[in-house]
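Okay, thanks for coming, everyone.

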Amino acid sequence: MNEKYIIETIPGFAPEVAQDLMNKMDQQGYRVLAVSHGHVSGSICFIITFERKD
């Protein structure tokens, strides 16, 4: 991956899954820019925006 910004969605309310993704993205050179909750197809989800560390 080499994009400046990446937006990921995680279905459901699963903080441990979100933390695992944040750790993985940190290892790949991205930091968390924003975390929010939203609805995708009627289901709640985490919406996490990552920014590449430069």
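Let's start with I7, which has its place in strand 1; helices (H or I, at least four residues) and strands (E, at least two) are DSSP runs, numbered from the N terminus. Quick bit of housekeeping: this is a predicted model, where local features need pLDDT of at least 70, side-chain atom pairs count only at pLDDT 80 or more, and totals for chains, interfaces and linings use all residues. Residues are numbered from 1 along each chain as its sequence is written, and side-chain values use heavy atoms, with hydrogens and water left out.

So, is I7 buried or exposed? I7 counts as exposed because its relative accessibility is 60%; exposed means over 50% relative accessible area, buried under 20%, and partly exposed in between (1.4 Å probe, protein chains only). Leaving aside residues up to four places away in sequence, I7 touches I47, I48 and T49, where contact means heavy atoms within 4.5 Å.

Now over to helix 1, residues 15-27. Which of its residues are buried? They're A18, L21, M22 and M25. Looking down the axis of helix 1, these buried residues fall within an arc of 100°, so they line one face; the arc is that of the directions from the helix axis to the C-beta atoms. What covers them includes strand 1 (5-11), strand 2 (30-40) and strand 3 (43-52). On the other side of helix 1, E16, D20 and Q27 are exposed.

And just after helix 1, check out G29, with a positive phi of about 95°.

Technical notes
The expected span of a helix is 1.5 Å times one less than its number of residues.
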